[in-house]
Amino acid sequence: MSRAGRIGGVALRQVLLLLGITVAVFVLLRVVPGDAVDVMASEGDITVAQEDLLRRMLGLDIGWPGQLLAWGSDALMGDLGTSLRYGQPVSDMVWAALPVTLGLAAAGLAIGLALGVALALLAMLRPGLAALVDALNVWSIVMPTFCVGLAGILVFSVWLGWLPSLGHGLVPAAIIGLDIGGQIAKPLMEDLRETAEARFVTALRSRGVRRGALVWRHLLPNSLTAVLPLAGLIVAGLVGGTLTMEVLFGLPGLGALLLDAILGRDYPVVQAAILVLSAAVIAANLATEAMQRALDPRVR
Amino acid sequence: MRRIARRSLAAHRLTRLACLIAGLATLPALAPAFAQQEPQRGGTLRIAQGSLRTADPHRHTGDSPVQQVYAEALTSISHDGSVKPMLAERVEVSPDGLAYTFHLRRGVRFHNGREMTSADVVANVERVRDRVQGGWLTTAMRGLRAVEAPDPHTVRFVLAEPFAPFTNLLSELWILAPETEGWATTINRPIGTGPFRFAEYRPNIRFVGEANRDYWQAGLPRLDAVEFDIRQVADRSLALRAGDIHVARIPDDAVETVRRDPNLRVTFYGDTEWCAVSFNNRSPRGPFADLRVRRAIAHAFDKEAFMQTVGNYVVGNQMAAPGSYHWDEAMERADPYRQPDLARTRALLAEAGVVPARTPLRIVSWQNDYSLFTAQTMRGLGFNVEHIALDDIGMQTRLTRYDWDLTPVCSGPRADIYLRFVRLMSEGPRPQMWGGIQDARLDQLISQAVTTVDDAARRRRYLEAWQHVMDSHQVLVLGHRRSPIGVRAEVRDFQPGFTVSPHRVDGGVAYTWLAR
């Protein structure tokens with residue numbers, strides 16, 4: 001198959017995946033009991049007759065296929081609809097939340113990558129540090145991000161008073177970074193150790209290549225290919241961690257928007273937020289695949 | 001003509017006494033941290049209490065307390081639940097209860113500087129009644145035969161039939177300047193008369209109100225601004241303890257931690273939530289239509305233990321909180337279910353021919369401790385229990401199937417006792433929470449009560465309606481709980497409302513100041 005054909009095939013698969021996610025979310029939302037009018041009614045004292053009227057006004061009285069068609073055709077034209085709860089354009093709400101989520105995710109990823117790579121390298125050079133890498137790896141697997149976040153607020157805001165408890169990204173980014181760092185450091189350390197024993201490394205050493213150059217130019221690029229297959233998991237964890245941290249630290253990102261929309265059965269907002277998050281995860285996976293192809297000739 | 005203020009005073013004497021005693025009891029403990037000082041001006045109060053779903057006060061469906069700092073109404077509900085005039089100076093009610101004449105305060109100005117007149121009030125009433133479909137009070141306004149402005153400072157309402165909670169409900173009909181942009185559709189920047197102007201609103205994030213220096217109550221507000229934190233956050237008590245928020249609604253399990261902190265205190269809304277177990281009244285299944293079985297189940301509940309799982313409680317058997325005007329002491333003393341009586345339960349089940357082990361019992365509930373307690377109590381009797389625990393809306397929607405037998409619920413503060421009773425009526429809101437009662441006799445009793453003009457006679461009729469509910473075993477009340485609010489020590493003269501209202505004519509955030 002030609003290169004153009006392969007790229008076209010990949011693109012088509014991703015579009016179909018996105019479409020599948022959209023339909024699945026649409027259906028799942030409506031399977032969950034209750035709609036936006038039920039939420040409004042539960043908050044106040046409107047009568048059953050008023051509920052019916054509100055459903056008609058919000059377009060919730062027509063069948064699922066009709067709702068899906070209306071939403072889908074508008075979405076294709078770039079109109080993500082209007083929030084059932086706030087009466088605001090959904091695209092405005094998503095665009096306002098997106099920078100917060102992207103910023104937190106980028107900061108967490110940067111901290112995680114720096115921490116993971118640094119620890120793995122240090123542990124290769126100083127085998128005594130392997131225990132620290134193991135500990136961080138176990139931490140990233142067993143510690144629930146939510147509990148770590150609560151502990152972070154308690155320590156840094158309530159006890160020490162160094163940071164505000166809400167509305168900042170410092171502790172959340174560090175917690176996400178610790179998680180990612182722990183996931184990366186262990187496999188990277190193992191691969192670095194293995195690569196360090198390889199014959200081409202012995203040959204490079206015998207040719208007098210200095211340790212710094214050996215590590216940065218030869219060992220690390222070789223071993224990074226061992227971490228790349230984990231990228232999908234890391235991205236998924238990153239999305240989950242970011243959304244959790246937003247809710248815990250009161251950051252007005254997509255996670256907070258999504259939680260409020262799910263609890264309020266604000267269908268257009270949930271659909272738009274998940275569409276954006278899915279597109280981001282798909283894009284990240286495509287980028288990872290491209291990097292893997294660039295770095296590892298065996299995958300080409 | 002009778003004066004509303006005088007009537008309310010008499011109506012809530014008992015509650016005030018209870019509040020006074022409770023307040024006096026807590027004074028010695030609070031003395032060091034909350035010593036009295038002269039009120040200071042300035043500062044921003046950060047408050048996390050309540051929500052704001054829409055900036056348009058006429059469009060909300062019942063839960064938008066934040067708007068009360070920028071929009072005011074003709075009346076206001078005090079902490080003790082009594083109705084007081086707010087934008088009106090005084091109110092006169094005709095002896096037949098059909099005509100309400102409001103004499104407006106002079107010199108009340110909207111945030112754009114224009115003086116409020118009776119024509120503005122009429123325009124707001126008409127907007128709520130005729131233009132805002134599906135909004136809060138839309139139904140209540142249908143009972144309005146006419147609203148007139150005989151002069152610039154008088155508004156006269158004429159009702160089709162007497163409606164006792166009318167002045168009470170008007171406390172939530174907010175008066176805005178009709179020249180506000182979006183009047184014909186949806187208002188995004190409301191122009192009200194409140195102590196704080198509408199400054200910034202980011203849905204689900206925050207609302208900022210800046211002090212209205214031309215406020216009609218001289219010397220108020222004392223603060224420069226109020227900032228409502230309306231984010232979805234897991235636990236507000238941490239932000240309160242860290243000093244990032246001054247006032248916050250806190251979880252029940254955080255009350256003891258907050259109380260131990262010398263920089264904080266705990267206070268409560270004036271009204272309570274009433275907690276009950278509802279039977280399926282719309283289409284009862286199997287033996288649960290049998291009065292003997294309902295009585296058996298009622299005898300099985302340990303009210304004290306149930307309410308302990310709810311927290312901040314008092315045990316009771318009525319919809320009205322103990323000590324309040326519509327509560328009856330004799331009825332409370334006569335409660336046959338005050339203590340659990342399992343022997344009686346077993347005897348009644350045997351008499352009805354019910355073998356619990358062979359009887360399926362389905363409970364639909366929220367996910368909380370008192371629901372687990374209910375399920376465990378029924379399992380203890382030997383019933384074959386199926387417990388379906390769902391999230392808030394999931395549970396309320398599931399209840400509409402009426403294929404269940406029991407549901408434990410707690411229902412929040414309401415500005416008038418009618419707003420509790422109306423839920424038990426055939427056409428009332430959210431009927432599934434109370435088992436979908438459709439009882440013509442009960443409808444009649446509640447309708448008679450709400451149209452009774454005389455306070456004492458109306459109270460008797462409400463009690464008669466409640467006695468009917470108890471005798472029919474439609475709903476079993478277990479007690480009342482109070483919702484806790486955490487307040488930082490530097491916050492002075494802050495007292496929560498009867499309901500979630502943060503502002504009222506005689507208290508709330510306009511009076512609050514920050515000690516420095």
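Hi everyone. Angles under 35 degrees count as roughly parallel, over 145 as roughly antiparallel, 65 to 115 as roughly perpendicular, and the rest as oblique.

A word on the model itself: it is predicted, so local features need pLDDT of at least 70 and side-chain atom pairs count only at pLDDT 80 or more, while totals for chains, interfaces and linings use all residues. Residues are numbered from 1 along each chain as its sequence is written, with chains lettered from A and ligands numbered from 1 in the order in which they are written.

Let's start with chain A. UniProt, in an unreviewed entry, lists residues 98–288 as "domain: ABC transmembrane type-1"; such annotations may be inferred rather than shown by experiment. That span is 83% helix and 0% strand, and its end C-alpha atoms lie 22 Å apart. Helices here are DSSP runs (H or I, at least four residues), as are strands (E, at least two), numbered from the N terminus.

Now the helix pair. Helix α11 (residues 231–248) of chain A packs against helix α13 (residues 267–295) of chain A at about 155°, with the axes 10 Å apart. The axes are lines fitted to C-alpha atoms over the stretch in contact, and angles run from 0 to 180 degrees between N-to-C directions. α11(A) and α13(A) are therefore roughly antiparallel to each other. Which residues make the contact? From α11(A) they include Val235(A) and Val239(A), and from α13(A) they include Leu277(A) and Val281(A). Contact means that C-beta atoms, placed from the backbone, lie within 7 Å. By class, this contact has seven nonpolar residues, three polar and no charged. Ala, Val, Leu, Ile, Met, Phe, Trp, Tyr, Cys and Pro count as nonpolar, Asp, Glu, Lys and Arg as charged, and the others, Gly among them, as polar.

On to the interface between the chains. The contact takes 37 residues from chain A and 35 from chain B. Which helix gives the largest share of chain B's side? That is α13(B), with six residues. The side of chain B that touches chain A has 13 nonpolar, 13 polar and nine charged residues.

Finally, chain B on its own. An automatic or database domain assignment divides chain B into domain 1 (2–269 + 484–514) and domain 2 (273–481). Their centres, taken over C-alpha atoms, are 31 Å apart. In chain B, 26 residues of domain 1 are in contact with 16 residues of domain 2. The domain 1 side of that contact has 15 nonpolar, six polar and five charged residues.

Notes: Two residues are in contact if their C-beta atoms, placed from the backbone, lie within 7 Å.
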